[in-house]
Each structure stands twice: as C-alpha cells, then as structure tokens.
Amino acid sequence: MTAVQSRPGDPEITAALVAEHGITTFEYERLVSMLGRVPTFTELGVVSALWSEHCSYKHSRPMLKTLPTKAPWVLQGPGENAGVISVGDGWAVAFKIESHNHPSAVEPYQGAATGVGGILRDVFTMGARPVALLNSLRFGPLTSSRVRWLFAGVVKGIGDYGNCVGVPTVGGEVVFDPSYEGNPLVNAMCVGLMREEELMLAVASGVGNPIMAVGARTGRDGIHGASFASEDLSAESEAKRPMVQVGDPFTEKLLLEASLELIRSGHIVAIQDMGAAGLTSSSAEMAERGDVGVTIDVTKVPVRESGMTPYEILLSESQERMLVVAKQGHEQQVRDILERWDLEAAVIGEVIAEPVYRVTEGERVVAEFPGSRLVTECPQYVLEGRESSALKAARERDPHAVEPLAEERDHAWTLERLLASPTIASKAWVWQQYDSTVRTSTVRGPGSDAAVVRLHGTDKAIALCIDGNGRHVALSPRNGGRAAVCEAARNVACTGARPRAVTNNLNFGNPKKPEVYFQLQEAIAGMGEACTILETPVTGGNVSLYNENPQGAIHPTPTIGMVGVLESLTHLTPSAFQAADDQIVLLGEPTTELGASEYLLAIHGLTIGAPPHCDPFAERRLIDTLLEAIAAGCVCSAHDCSDGGLAVALAECAISERDRRFGFSVDLSAWSSLPHRALLFGEAHGRIVVSSKDAAQVLRIAEQRGVPARVIGVVTDPMTGAHFTISHDTFSAPIDWLARAFHEAIPTVMDGTTPAEHVIAASHVPLTD
Amino acid sequence: MKAGIVRFPGSNCDEDAYRAVVDILGQDAVYLWHKDHDLQGADLIILPGGFSYGDYLRAGAIARFSPIMREVVAFARRGGPILAICNGFQIACEAGLLPGALLRNASLRFVSAPVHLRVESIGTRFTSQYHVDQVLRVPIAHGDGRYTADADTLERLEGEGHVVFRYVDAHGAPTLDANPNGSQRNIAGIVNAAGNVLGMMPHPERAMERALGSTDGIALFSSVFDSLLSGVPA
C-alpha cells in the first residue's frame, strides 16, 4: 500500500480552508483521528461533500429513523435510490422525491431542469421505467418581478427536461407565499414501473468486479453543489451560479434507455446515479452498502476538459452520469450496450476486499479512507428544539377578531377574490407547458385532486399527488406534519384509490437554530403519527435544510408525495361535478376554525391563528367511507376541501374544467351558528365534497363508519350560477364570473399587460372582457 | 399489415404508436432502428414524436441524416404511406418529404393541451373514414409547431386539398384563439402532392381510447390500414 500523498499545487490545509469547506472544528478533529493524519486537499473535498447536510442527513437522520417504513407491500424502504412498493399482479412502483431549491434560487431554469434529471435517474437505476413526474413548487408573491422570473424559469426548466425525456408530468402543486420570496422551493417526484423481479439495488459486491463510469463525461460544473445546498442563501449566493449543474435531457433519455437495457442484460451487479457530490458519494455509498472496499483511478474517468484535478473530478456534479459495477469479464458487453446508445463507458476502478475507499491519480494515492467509516463516521447531531415565540404568539392570535373588510359583506366578493389568489387559481398556465399525455397512460392529468396513471395491460392504475401546507406547519408543526400526510391521502382517495405509501421532502430552515430544529422534530413526529394510522409507510425522501436568506427562514414545508393504488379503472372518480341534478354531499364537518387560512393571507395579509386540528383517525374513517361509496358506485365526483375552504371547493367542482361548467345551489343552514367566514372559507380538515345520484346510500355508508355527512345541495345548470344559503344570509355569483377569476388570474399576471398587483391584490375590480 | 416505427435517439412516442397499431388496431408493428437500412418489409412507416437528437440545431434537422431515413425517403418515392407525427412531421419537412417548416410556437412556450381539429379533406388514404368538416379532439404537445410555408406553397396546398387538418374551436371555426401555436391558416396537418405522406403536429396515437379522453384518432389509423388492405395505390 502506497502512502497517501498530497499533490503538487494543492493548497495547504489551514483552519480557514477547513472552514471554507463547511467542516466544523469538531468534524475536522474527527476526520484527523479517523485518518490518523492531516487530510490531503482531495480528502478534505471528499469529506466536505459526504459530510454535508445534503449527503449525510446529519441533523435529520435521528428523527427520520422514527418514521414508520414497513408494510407488507413495501419492497424497498429508505436508504436506496428510491422506495419500491408492490401494487399487485407482479407489478412494482419505484418512487422518490427530491429538492433542487438552492440551485433554482440562483439559476431557475437549470436548477429545476437538473432536479428533474436527478430524480429520474434515482428511479430508473432501481430498474423501473419512469412513467410519471410531479412537482411541488413554492414562490414568493407574483407581484414581484423577480418572483415572476423565477416562476417562469422553473416551469420552463421542468417542462423542457421532462418533455424531452418523454416522461409525462402529470401533477403537482404551486403555492405563493411571502415566506418563499428569496428562497423558492422546487421539489420533483418521479414514479417508475417495473416487474417485481427487475428490482436492482445499488450495492457494490464481488471482489474484482470493475467499476465503470457511464454516460456523459465529467466536467467542472456543479462542483460543491451538495455543499452549496447545505448553507443559507445569502447575497453571495448569486456568485455561486457556476455551482449549478447544466442539464442535457437528450443524453438523459439515452442514458435511461441504456441503463434499463444494462439492468435487464445481467452484465452488471449495481448501478447508481452520480448525483449530489458526484463520483464521491456514488462510489462511497455503494461500497458502504456492500461492505466492500473500492479503488478508483481518476485518470481513467472520461473528462470533457483537460487539466482537471482529482478534487474536481471527484466533486463534479456534471449531469447524466452513472456509476456501474459490472460483472468481471463483462466489460465489453457493457460498452457495447452503451455504444448502441452513442454513450461511453469506461472502467475507472475496482471492487476490492481490503476495507478502504481509495482514490488514485495513476500511481499516486491522493485519498484513502478506512472503509465505510467515511460514510458512517459522519457525526449526527441531536439538538435542543424550542418553539419560536413569534410563531407561538401568531398562533395565539384570534382570527375571528380580524375585522372584515367592507367588501366582505358580500361573500361572493371574497369567494371571487380567493379563486383569483394564485395559490388557489388554476395552474393551467403551468401544466400546459408540461407534456402530460405522452406514454398514453395518463387517465387523470394535472388539475385533478391526484393524477392517475394506468398500468398497461391491466385494469389497475396508480394515483399520485404531492401536498404540503407550510403555513399550517409554521403555526403548529406537529399538527401540520399530520395534516400534510392526511391531505395527500385524501387527494389520492378522491380518485378512488387506496393510499399506500409516502415519499417526503422536508424543506426547512437552518437546523442549528432551536426554532427550526423544533419545527423539524415536531413536523416529523406528526408525519409519523399520520403515516402509521393511515398505513402509508415512508419509503424514502429527501431533506433540504438551510432554506434561509437574509430575510429569514421559509415556512417549514414538508411535502408529501403519496402513491395510491386503484384496483380497477371502473372506480376512477373525477373531482369536478358531472351532471346537473346530482346531489351534493359533504363528508366531514365544518368547524369554527379559521386560523392559518388562505382567506386570512389573501384577504388580510395575515398568517395567524391556530391551524385546523387534524385527526388522522377521523381521516382514516373518512377515506374508508369514500372508498366504500365509490366501490358501491354511488359517487359521481369527489373533491377534497383544502385551501380556501368549503366555498372554494364547491366552486372548483363547478368551474375547474374549462369547457364543461356547472352551477350549484347549497344550503348550509345546518351550521348557521358557526361564524360564516369559518363556515365558508375555514380550512377544517377531514372534509370531501361528493356529488351523487344516490345520496341516501352515501349517507348510509358514512353513518355506518361514524363519519358526519349531510346533503347540502344540488348541481345545476351553469346559467343558474352559484347560490349559497346560510339561514338568512344568502349570496350568489355568476359561474362565468367565478370561472374567469379562477382561470385568468395567472395568465393575466404572467402574460397580460395589467400590472400584477391589480390582478392579485385588487381582483374585485371587474375583469372586463 | 405491418407498420414500421422508426426509433431515433430521443424518440419518445414510439411505444405509443406501437400500442395504437398493435393493441388498438390489432395490426403488426416493428421498431426500425435509426442506424439500420432495413425497413423489415413494413407496409406503413411511422415517424413518431419525441426529440430526435435532442432537437439540436433545429427540430428534425439531424434525424433526416440518419441511415434509416435514406430508406424511408426511397419508400416514400415508391408511394409507400408515411405517417409523420409531431417530431416526425418536423423530420419529414426537413427531409423534403413535405413542404414548409415548423417554427417555434408563437407563444415561445411548449404547449400541451387537447385541441379541436377539423377534417379538411377525406380524399386521402389517412382520412377516408372521417366525414368532411368532422371536428376531432386530439392532444398536442410541442414547442415547435407553427406551420409556415411561402404564399405559393400555401395556395397550392389549399387549392389541391392537401391541408388535411386545421385547428378550430369546439364548433369547428378556425379562430385565432383556437390556434395553439400560430400556424399559418391554422394548419395542423398536410399531405404531400402524391398523397402518401401525412404530417401532423397533433397526436392521433394519444386519442385511441375512451380512458384517455378521445377515440378520434382511431379512424386515422384504420383509414390507412384499410387503404393498405384494399391495395389503394398511392
């Protein structure tokens, strides 16, 4: 064994250099004691990447371990590139969510595009063919021109990448809130389909097996991307734009086809994306999982520019690259498959028995770590959490004490304004830029409560959605964590599917702040409770911390990607009303709760009050009721009540489809003793608006399961408008008027000549034809 | 009868075309690899949608130089039927099989949506099972779909009945709002002078089943297969 040597020209290891790499004194000491010497510059770079928050989960792992991960249908839980569940008949679904928040904050187009690329690779390396993409986006208010630039860039980046690869983008959510002004969130989820026996794991094995770099060449882009994603955004972040990787979806498409062919070929034993921290993390993680050593010679890595140092080659985050462990003697077959797709494959190392992680530059050893300790020695931090007194005070404010505006005397005004609020308004402007129909599997695309993708050759389908409500989590983290899971489950159930499993993306601020740490602890605990009760285990996910900028931290935003199974397409249920004269049933019950609502934010600019209480047991009963009613054939449509409350949910059922609208007439007098604002616009959980031709049967099923249910009205012709009665308080609105607010808000802001603040902040000004 | 579906690097509607032919029409289909020269005895060639060669340089500009395209062009010259969809339409224009060009959408944005099409001509082997002025609902998904040709070409296409599909509203009117990409004269699909090459931006292969929201694409595929079975000359 050769001694590790530092390279001529490498900078000297100083305290300042260590700090620049984001390594604390404590961590540095741990590194030195692990090595028994001072690290080389290359080693310092490797450790800075692997021990970054992004790769190591050092602040979140102890909490994540508390999440439920098991169920009979879970084939692969957390720890792999993606989770995998069985959906029956030998079919399995691989799925995972990942964030690209920091890159998108400085370079929205490439940041979002490469986020899609990375999550696609995580799924197809499991052996699954990607069949659907979803995304969850958060931006500041659209009144800001920078936010409009970020929004347009992110949407175009997501679209251009997914469209080119040919994977439909079938759903997602977009929320606008001042808390994300300087720090947008871009979470992308990919879902893939495979036969159960095709499952492939990223575990290096077989001493003597060659390690191969496959796909695109390695360049200088994205170096330190993982570390960049593990610190707060600041005024200097703009200067880090070169750390953002550049995507090439065409190469990705070739790599996708080649990788699936490789996996099916039997010539390889493992494959992993070179994603965050590139070659370093992919090779170290595969070795750690396989409990073997690896050696890599950087001079054998195909590069796209000359003069790259080992440090740069190891830390590059150039996109569309894979690390493959081939079977010894099968190298040429691997090369042949790649060549067929006009891609390269090069042997760059070997699996070895000696438990070390070794990097050489030709003969010279430039980095060497004792085996899996490189991954396992990363410290884990358990800190003390403390609730923010400001948020506590905000929660304790009474939303009912907020004086209504004069215009609110007409609830129709409020309803129309909420429908034009960009968080609630139609996102067709977004999803029309995404190919949602390629692969001819999308039976419910964007704009539904959840997307539904059928399994060719069967009568089954999977239902997919992403949900999260940062405002609810900010004001009550544990309840908010529960609510995120329950809302996602409700959305999936509204299509007729049984919620089965979860992938989650935890978007939070700086965990070293006790207030943020508290949010993490509580939100994860709440998610765990709900996942246990709903039997939707967590199969993986991603943690994005340090979502802060000089203006402060974002709302703590766990986003939940939920996968459900629809046993038969005959149970597929739409969210919009289907026919006049159908009865409207409300499952669940309105409450006095008004806190944390979109109403308070959009109308009063306030984020206050206790968020509505979420009871996962009640949600479970609600979902069981709905699914039984759907199976019994007595449900024509089902739509979850969330942002904007019952009034908005009813309006959405009537107007969400552009060319097929309905009117409705509802009588909510049964709850006339509730504050009318809370009844109409409060966001109480556990409610679903159902339309039915046999309401009596729906009520019967609900009663048997102990779920409150009531017939509240009837679907009508669109010409008759929307009518609400709450005892003596009645109001109406023309359907065209509501529809225009809902459908035109975002296009008008993004493409129109009307200044954004006139559309969003003053949408009561009649939009003339 | 057998369809040959060309696979370029970056094709991504190849499997959808295969399913339309095999699963829905019950006909045979084979994939034709872009590096090959063999059409494998296909009776119909489908140039599917996607992003061949990443749309680098210009959509379709590189694909036309693929080895397989030499055979496809020769097949077209012999009067063999070619269905060129979306990126396939772009490739067919680049290869000189169809007149005109597809430019970046007027909105400068990718557009994915169901659109209405009016059948302008039922005298082609691709449209014989529609009726005149029938309004279809078919998805589009493209960034470069603005059909453009010089004035003489447009006049000739119109005069000789070679405009096959036009973007219209739900009532069949070719309005400005119904035009999703700024195509001249709302043109969505054309045939060549010989009538054996159809190019269209919308995706009929995505409109083959009720579950997907439309079955209006079936008649297109069955028209062309029936023309093959009955030995219709080009």
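Predicted model: local features only at pLDDT ≥ 70, side-chain atom pairs only at ≥ 80, totals over all residues.

## A buried helix and an open sheet

In H3(B), the buried residues are Asn87(B), Gly88(B), Phe89(B), Gln90(B), Ile91(B), Ala92(B), Cys93(B) and Glu94(B). "Buried" here takes 20 or more other C-beta atoms within 10 Å of the residue's own, with C-beta atoms placed from the backbone. That's eight of the eight residues of helix H3 (residues 87-94) of chain B, so the helix is largely enclosed by the rest of the structure.

Residues are numbered from 1 along each chain as its sequence is written, while chains are lettered from A and ligands numbered from 1 in the order in which they are written.

The cover over H3(B) includes these strands (DSSP E runs of at least two residues; helices are H or I runs of at least four):

| Strand of chain B | Residues |
|---|---|
| S3 | 44-47 |
| S4 | 82-85 |
| S5 | 101-103 |
| S11 | 197-200 |

Over in chain A, six strands form an open sheet with mixed pairing, in the order S14-S15-S16-S21-S17-S18. Strands pair if DSSP finds at least two bridges between them. S14 (442-444) and S18 (538-544) of chain A are the edge strands, each with a single partner, so one side of each has no neighbour in the sheet. Inside the sheet, S16 (residues 461-467) and S21 (residues 557-566) of chain A run antiparallel, joined by seven bridges. Ala461(A), for instance, has Leu566(A) as its bridge partner in S21(A).

Conventions
Buried ≥ 20, exposed ≤ 12 C-beta atoms within 10 Å, placed from the backbone. Contact = placed C-beta atoms within 7 Å.
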